[in-house]
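Here is a short briefing on one structure. Please keep the sequence and the 3D view open while reading.

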Amino acid sequence: MPIIDANRALRWIAKPLVFLLGLLPVAWLFAGLADWPAASLGANPVEKIQDTLGIWGLRFLLVTLAVTPLRDWTGWIRLLAFRRMLGLFAFFYISLHFLFYLFVDQGLDWRLLLEDIAKRPYITAGFTALLLLVPLAATSTKRAMRRMGRRWQRLHRLVYPATILGCTHFWWQVKADIREPLIYALVLVTLLGWRWYRHRQRGSAQGPGRYLAPAVR
Amino acid sequence: MSSNTKIRPSEITPESVYRGRREFLAGLAGLGAAAALSPPALAEQVMSVALIERLQYQRNARYSTAEAANSLADITGYNNFYEFGTGKDDPARHARSLRPRPWSVVVDGECELKGRYALEDLLKPHALEERIYRLRCVEAWSMVIPWIGFPLGELVKRFKPTSRAKYVEFTTLMDPKQMPGQRFAVLDWPYVEGLRMDEAMHPLAILAVGLYGQALPNQNGAPLRLVVPWKYGFKSIKSIVRIRFTERMPATSWALSAPREYGFYANVNPEVDHPRWSQKRERRIGSGSLLSRQPTQKFNGYAPEVADLYTGMDLARNF
């Protein structure tokens, strides 16, 4: 019965734990808003909250993309069980990032907002990334997976352009010090490069979907 | 306080040092080693440090805004000073490695009285004033800061610039040991800024040596910095070691780094956006409400005083 035990541990311990960990960044922001000194938001809380939500969105996207390579390197198949939650956390933080920008940073000034989206390439990139993630979040249920079949895989490959756009969005707003966005870009290039390598190694017989998108059962 | 006048400015203890000294003394006391120093001696030391820290100055009401000044914590905790790192809190954390005393400034180029001047000789003839200025960063945030300083034009005149002097170029200290951020080529160090001669002579342009009545904290550009309130903050170069008069427009750091985004003039202007973001509004740091962005004013609200400097100039081209 060890398999059942492992499944139970996954469902009742590991998953809730990862879920709570995923909420830590936003909990930390609330602690800052409640003036808890260790979590201080500094002199410019709007910027701090905005940046924190954005960077965690990007981190969760990259962690989500790391699940499949990690599974193959470690051989630990159960890692896949966390992928949907991690992807939804990415969507959660990126949505909050956008809503915060909309309601607080821009003060819901639609004219300025539309101008920003159209005229500022980094905002255009970030906004497009969010739009690409919406259908992925909407079809993240088991039912949608079953109903869509192979189309689900193809649709969920949108996570690649979304992450590329997310890294671009980060890079384009840095004034001069590109070291941090460079690290994120290198992680992304590694994760995509690994997929490309595996795909070539396997030959085209199996089709590109196998390593580019999660396998559907 | 009259004895203050005899103290040379370079003897003024920077805040980081006296803070450190206090921490050290407190540490001694805490360890029970206070017996080595009798309590009165300890108190005296702390007192004298606090006394010489104060600068002598008069408020210049004419050139001061009535807007509420930012807190010392905001002004010293949220800085762009890439020589100490590119994060807003990096300067506050890393600037203690800067040694602002002793300090000297090289004056050269198109002027008669070239030379290397000790900071105190540079400052001696000038009466210090407090000026509460708005500061608008090119990143669309702003603060209100009570600077202590004196008009740059008065200092410029002393060195007798020649008729060929059309610009003034300023250079920041270059020393990666004191300024760890210079170990990374984020910008082409040392930092260089400049003004046209008429801008430098304008009474609103000042050299600052303090804020909130005390010597400049390291992270704010100790011991000597420029403040040009109608231009974006990056024009107001910090920790100046060289002032050079030139015939040609100086090549300034940000304009070299990204010529499409930062120009030589860098006048605050809501009508000319940064290529990547809007300059129409700004977030006033420390304004309490999260929802407040206020409209940015042309020349940062100093248009009545400085707009004449730019008549006939296309400010969208000369951004």
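Predicted model: local features only at pLDDT ≥ 70, side-chain atom pairs only at ≥ 80, totals over all residues.

Residues are numbered from 1 along each chain as its sequence is written, while chains are lettered from A and ligands numbered from 1 in the order in which they are written. Helices (H or I, at least four residues) and strands (E, at least two) are DSSP runs, numbered from the N terminus.

**Chain A meets chain B**

- On chain B, 19 residues are in contact with 15 residues of chain A; contact means C-beta atoms, placed from the backbone, within 7 Å.
- The chain B side that touches chain A holds eight nonpolar, five polar and six charged residues.
- Ala, Val, Leu, Ile, Met, Phe, Trp, Tyr, Cys and Pro count as nonpolar, Asp, Glu, Lys and Arg as charged, and the others, Gly among them, as polar.

**Tyr78(B)**

- Tyr78(B) lies in the loop between helix 3 (72-77) and helix 4 (90-94) of chain B.
- Tyr78(B) counts as buried because it has 22 C-beta neighbours inside 10 Å.
- The cut-offs are 20 or more other C-beta atoms within 10 Å for buried, 12 or fewer for exposed, and in between for partly exposed, with C-beta atoms placed from the backbone.
- Neighbours within four places in sequence aside, Tyr78(B) contacts Gly42(A), Ala43(A), Asn44(A), Lys88(B) and Ile285(B).
- Tyr78(B) and Lys88(B) are ten residues apart along the chain, and their C-alpha atoms are separated by 5.0 Å.

**Strand 5 of chain B and its partners**

- Strand 5 (residues 141-151) of chain B is mostly covered, with eleven of its eleven residues buried.
- Strand 4 (residues 129-136) of chain B pairs antiparallel with strand 5 over eight bridges; pairing needs at least two DSSP bridges between two strands.
- Glu130(B) has Ile148(B) in strand 5 of chain B as its bridge partner.
- Four residues sit between the strands of this hairpin of strands 4 and 5 of chain B, where Ala140(B) takes a positive phi near 70°.
- Strand 8 (residues 206-211) of chain B pairs antiparallel with strand 5 of chain B over five bridges, and Trp147(B) has Leu211(B) in strand 8 as its bridge partner.
- Strand 12 (residues 281-284) of chain B pairs parallel with strand 5 of chain B over two bridges, and Trp141(B) stands opposite Arg283(B) in strand 12.

**The five-stranded sheet of chain B**

- This open sheet has the strand order 3-2-11-6-7 and mixed pairing.
- Strand 3 (115-118) and strand 7 (192-196) of chain B stand at the edges with a single partner strand each, so one side of each has no neighbour in the sheet.
- Strand 6 (residues 167-172) and strand 11 (residues 240-246) of chain B run antiparallel, joined by six bridges.
- Thr172(B) has Ile240(B) in strand 11 of chain B as its bridge partner.

**A helix pair in chain A**

- Helix 5 (residues 121-138) and helix 8 (residues 159-171) of chain A pack at about 155°, with axes 8 Å apart.
- Axes are lines fitted to C-alpha atoms, for helices over the stretch in contact, and angles run from 0 to 180 degrees between N-to-C directions.
- Helix 5 and helix 8 of chain A are therefore roughly antiparallel; that class takes angles over 145 degrees, with under 35 roughly parallel, 65 to 115 roughly perpendicular and the rest oblique.
- The residues of this contact between helix 5 and helix 8 of chain A divide into ten nonpolar, five polar and no charged.

Notes: Contact = placed C-beta atoms within 7 Å.
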